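The stops below can be selected one after another.

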Amino acid sequence: MNHRELWKEVFGDTDKYIEYYFKEKAKKSKIYSIYESDELVSMAFFTPYEMVCRGELCSCPYIVGVATRKESRGRGHMRTNIEQGLDEFREAGARLAFLSPVDEKIYRPLGFLPVYYHERIEVYGHKKKWYEVVSLSQMGKEKMKEMEKFTCDLLTASDLDLYMYHSTKYLSQLHKEMKALEGEVVALWEGERICGVAAYTREEDVYEVTELICDPKDGRKVMESLCAYLDEEETKKVTILDGYFLGEVSGEGIQIMQSKKPYIMVKLLNMKEEETGLRVYINDIT
């Protein structure tokens, strides 16, 4: 068994997504592995991301693909892989490591603490086309630079301690990832003014918006325009997995739920602050 086969066995992702992941992202990761009798039984991927931490650019590993074959669990393999990765990235100078947990109880003993929870919004109706929605695939370099400036300006103005640096390179990679999940990255425009940037996935004709960045004063119109773009049926649901930038969008046909499970957990490696004091915004998929 190789890493791709173990990924498929444990996570059950589509072949299209797995092909994308191992072609585009796995090669950028440091993979920690454990073998029993020359057979791969456990793995963890540490993928460096360009982050903005306390206003400074830095590289921090995102831990994904943490998996152990069922028959080899309970032997400490996961802890061994993760601790080895944390030690190596600490020595390399990484400020912190982060992950999106299936169960936070698994990672608390390793020193990870929750720092970010999603505000999930389910929208029924409210599908008016206030703004033009354009796929990143249709944009040239100049428009993509506008997307970069727009997202980075809003993230900086939000006084966050930690977030992904939304460079054109990052947005292009995110678009590839969304395409592998039957979605895309889009920008919303009012003439020459950019009003929002969003990423979404689609599974069995169900749309999930994984990230939506806009000025909160435009939040309602951005949300309605995006929902109209994704599905014009009045009664069909569109789920926005994170409403951090939307502002006040309550009302009939809108259900807001604060997740009880953390979306992001962090372990500090070369920082002295407490994890719980960090203001974080991270919505990457893997």
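Predicted model: local features only at pLDDT ≥ 70, side-chain atom pairs only at ≥ 80, totals over all residues.

Residues are numbered from 1 along each chain as its sequence is written, and side-chain values use heavy atoms, with hydrogens and water left out.

Select residues 3-11, helix H1, and residues 15-25, helix H2: their axes come within 11 Å and cross at roughly 140°. Axes are lines fitted to C-alpha atoms over the stretch in contact, with angles from 0 to 180 degrees between N-to-C directions. Now show the side chains in contact (heavy atoms within 4.5 Å): His3, Arg4, Trp7 and Lys8 from H1, and Asp15, Ile18, Glu19, Tyr21 and Phe22 from H2.

Next, select aspartate 38, in the loop between strands E1 (30-36) and E2 (39-53). Its phi is near 65°, positive in a residue other than glycine. Aspartate 38 is exposed, at 76% relative accessible area (exposed is over 50%, buried under 20%, partly exposed in between; 1.4 Å probe, protein chains only).

Move to arginine 54, in the loop between E2 and strand E3 (56-68). Arginine 54 also is not a glycine and has a positive phi, about 55°; it is partly exposed, at 34%.

Finally, select helix H7, residues 219-230. Nine of its 12 residues are buried, so H7 is largely enclosed by the rest of the structure. Among the buried ones are Val222, Met223, Glu224 and Leu230.

Technical notes: Helix = DSSP H or I, 4+ residues; strand = E, 2+ residues; numbered from the N terminus. Expected span 1.5 Å × (residues − 1).
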